[in-house]
Amino acid sequence: MSQIKTVWVEHDSEGGTPSFSIHPSGEEDAEQDALFVTNDPAAFDGFFTCGGGAAVDIFELCRLLGLARVDQKFDQLLPGDVTAEQGFRQLWIRLDSRFAALPLWVFELVQSIYAGLGEIAMSRFFKYCAERARADGTADTEVWSGCFKIRNGYQQKVHPPRHDECEALEIDQLAAYLETGGTYQQRVAGYEERPGQVSMLRQVAEAFNRRSHLVIEAGTGVGKSIAYLLPAAAWARLNGSPVIISTNTRNLQSQLIDKELPLIKEIVDSISAGDRRPLRATLLKGRNNYLCLRQLGTLIDFSMFELERPEMRHLITALFWALRTDDGDLDNFAGSGHADSAFLSHLYSSGEECGGRGCRYYKRCFMQQARQRAMSSDIIVVNHALVFAEASSGGNILPPCGQIIFDEAHNLEESATRHLCVELSLFRLMAALKRVTRGRAGHRGGVIEVLGRHIENGALTRDKEVRHNLTEKIAAVRMLVEQIRRSALRFFEIGAVLLENCDGATRMRSIVDLDKEVQSTNAFGANTPLHRFKRQIFKNGAFVSCPASHDEELLRYSKDALKQQLAETATHLQEMAIKLRQAMEGELAMYGDQAQGLESCAVRLREFAADLDFVTAATETEYVFWVEPAGRDRRRVSMFGAPLSIAGTLNETLYKTRDTCVFCSATLRVSGSFAYINRRLGFDLIESERFMEKVAPSPFDYIRQCVVYAPQFMPEPTGTGSLSCYIDTLSSMMLDLFVATGGRALALFTSYDMMNRVAGLIEEPLREQGITLLVHGKSGTRDQLTRIFRAGERCALLGTHSFWEGVDVIGEALSCVVVARLPFAAVGDPIVEARCEQIQIAGGNAFREFSLPQAVIRFRQGFGRLIRTGNDRGVVVVADPRIVTKRYGSSFVKSLPCPVLKVRSPEELMCKAGDFFAGSTSTMWKKAEL
């Protein structure tokens, strides 16, 4: 068996020959064949003259076992109370013990993968682990799935009681827990009563008692999560009726589960200790957030066919993660920077792919375990998308309940629209086809290829006729898939003509000619009479005829051919699944996985065929349809359809079916009114006696804590010519500010183009001042950049859309926010255009009723990044002069909790900002050289 030695490599400050501390020490000749675990594999280049030894990076082993993130540095893993060399040895002992506890099958599989990748050192390491397991007698004989626990025992809730059967909450008693001297103050050090928080708690409790719907704006610092969690938990405990909390971001979900709910549980459990069981809370996500063991099994058995070479490394990491995860939450896997979305698609199953109780991994299934926990919980934390998926599926995902609380409710319309949007893209279709078959010759993957290998091995069925029939259909499906690929390319290339002389996404619609009919083949092979229609595209503010080069008949013919091929393929797949299930009756039930896979692929192809009709017809008046380039390739397009309004859908699926829906956010009003959000979310459709509007004011002293400046010297950021001037002036101003603040600044942009142009102008000058510029999309992911920025180093961060909200940086780490441009929706956004047009047709003013309110809410979110606690101080610079030069600017000004001060020159801005910081205990500001 191989021998493992650890080697600590130390480099001197002069850059001379490194020193090696080897343990256990031995003869140099023996070391030529040894396997080393080291902190610096590169130091061994040229050492193994005989070619027998190898050096393994200990950091890579730490990453595999989840002890290190990919963005960490090695020295961050070492304990601080010992020398680096001692810490290295302790780290190896910890690693070695963890590897020793792993099953044999993972060593054998990983060793073979590394060998196939040509990574000899890692292959040798896992060969050593496998040999040790066999030599120690600890080698397991259990199949891989036995490593995943069977978890039962969750008590499922019966249907919750009707509202008239429920016991009302004692509102004064609940409020007392948050008031001075109350339970919350006793358990949270430094907690002070917040009137807005107590007021919000009372309003939420009253909505529960009255069976009313509530919209409430809770200013930053109110502590809204505690204000709604306490009455929600009390209601659930008191009445045995679960409450769902829905958020828009994962960050808030984590905060609720890890920070807020444990404290709420402690308080609620103490209210009636011994009378009832403890409060139960759980996080539930959508199906594609959980590891599917059936999918994992396919990769274990057929990874060489299912994955591309770069993905094999992701598989290795996924295997080790799967062995240590308790919940199978793929966000935890992907959040560590271990994989991309393309690889993650191999690890989860879609709804049509899931075999449910018929799956042989059902009792070990992570998703089913999550749902069982939710069914037995009092508080279930979910995201908005899952709520809409529940509504569209008819209610088989979430436990039955009468109360839902939507936090971050200002995002609800966007989230619902995204969920209800219909997409026709080459990417979507190719992803579905890859589930069926992919690759060539000896490297084929997909459900029919897995089935084909079983048939070739003779393990599937002894019935020769069935085997022959399945083999023929596999060949037929392969041929059809190739035809579909060619037809799809052709269809999306023909559609590209619609974008001739257009810059980007372009709306389309069809005008139906009732006097003419054509025959069209539907997705199920039948001929259906359809009216002929004329397609139009939106250009220069109006719908016009398509370009002369566009051939509508050719597009329709191409669509029908594609639909026909999709229907034939789906039929073959369905028939194969039926044959397979019939063959299983007297033989092995394990092939139900293959049958389920075939059926799921058939469903996907049929859904795409149906969407082809809906989107290309573009006749549904309550939808907006558009076409846009497929990424950077303008030779092909993608097509979409999205609802113009979600108000009616929310009314039917939420307001009429739930006893209480609470909608809360720090930004719901515009100019002090809920009118905008009421129209967009359909609150005006609710009976007045069942609807409440409330405001819980922020406890922060904004007048003292921050100041907002509007530089009048900035040019307007509109028009091609003035934009370059604007960017130059903006860059100069930001450079002066960021140098003066020593970084600690966040700049919010509405476009990547402007952000990148500014970054190009200020990055090097900032570097010369010892300030690191972090650029969204270039310097790392949103979470990585936020983590670096929070560390309080000399950093300035430039961010786009996702940085306008959900970024919490406390203290001097963030002391300056620059709003580069008022956040109006991008010109040419098809959904925005269509919704504005709908308002205009109805006789309204689209700018005042939609565009402006939407921008104000976004603006308020951006402003809210600065002050997160009562001790925070800082400045906000609104670089867009339209806030003071345009009449509509007053809507933005009125939306802020402090006045906007005009400054006439860069010198005046720097002087006043310096005076503001001089009035605090901060030492961060230094005079910039102007």
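Predicted model: local features only at pLDDT ≥ 70, side-chain atom pairs only at ≥ 80, totals over all residues.

Entry one, the helix pair. I looked up helix α6 (residues 171-178) and helix α8 (residues 195-210), and found that they pack at an angle of about 155°, with their axes 9 Å apart. Angles over 145 degrees count as roughly antiparallel, and α6 and α8 are therefore roughly antiparallel to each other. I also noted that the crossing of α6 past α8 is right-handed. On the α6 side the contact includes Ile171 and Leu174, and on the α8 side Val198 and Leu201 are among the residues that they and their neighbours meet. The residues of this contact divide into seven nonpolar, two polar and three charged.

Entry two, the salt bridges. I found that the structure holds 48 of them. In one, Asp331 pairs with Lys285, with the closest N and O atoms 2.8 Å apart. Asp331 sits in helix α13 and Lys285 in the loop between β7 and α11, 46 residues apart. Buried means under 20% relative accessible area, so Asp331 at 14% is buried, and Lys285 at 11% is buried too.

Lys563 forms a salt bridge with Asp613; Lys563 lies in α21 and Asp613 in α22, so the pair ties together parts that are 50 residues apart in sequence. Lys563 is buried at 1% relative accessibility, whereas Asp613 is partly exposed at 24%.

Technical notes: Residues numbered from 1 in each chain as written. Heavy atoms only, no water. Axes fitted to C-alpha atoms, helices over the stretch in contact; angles between N-to-C directions. Helix = DSSP H or I, 4+ residues; strand = E, 2+ residues; numbered from the N terminus. Parallel < 35°, antiparallel > 145°, perpendicular 65-115°, else oblique. Left-handed = near helix turned anticlockwise from the far one by under 90°. Contact = heavy atoms within 4.5 Å. Nonpolar A, V, L, I, M, F, W, Y, C, P; charged D, E, K, R; others polar. Salt bridge = Lys/Arg side-chain N within 4 Å of Asp/Glu carboxyl O. Buried < 20%, exposed > 50% of the residue type's maximum accessible area, 1.4 Å probe, protein only.
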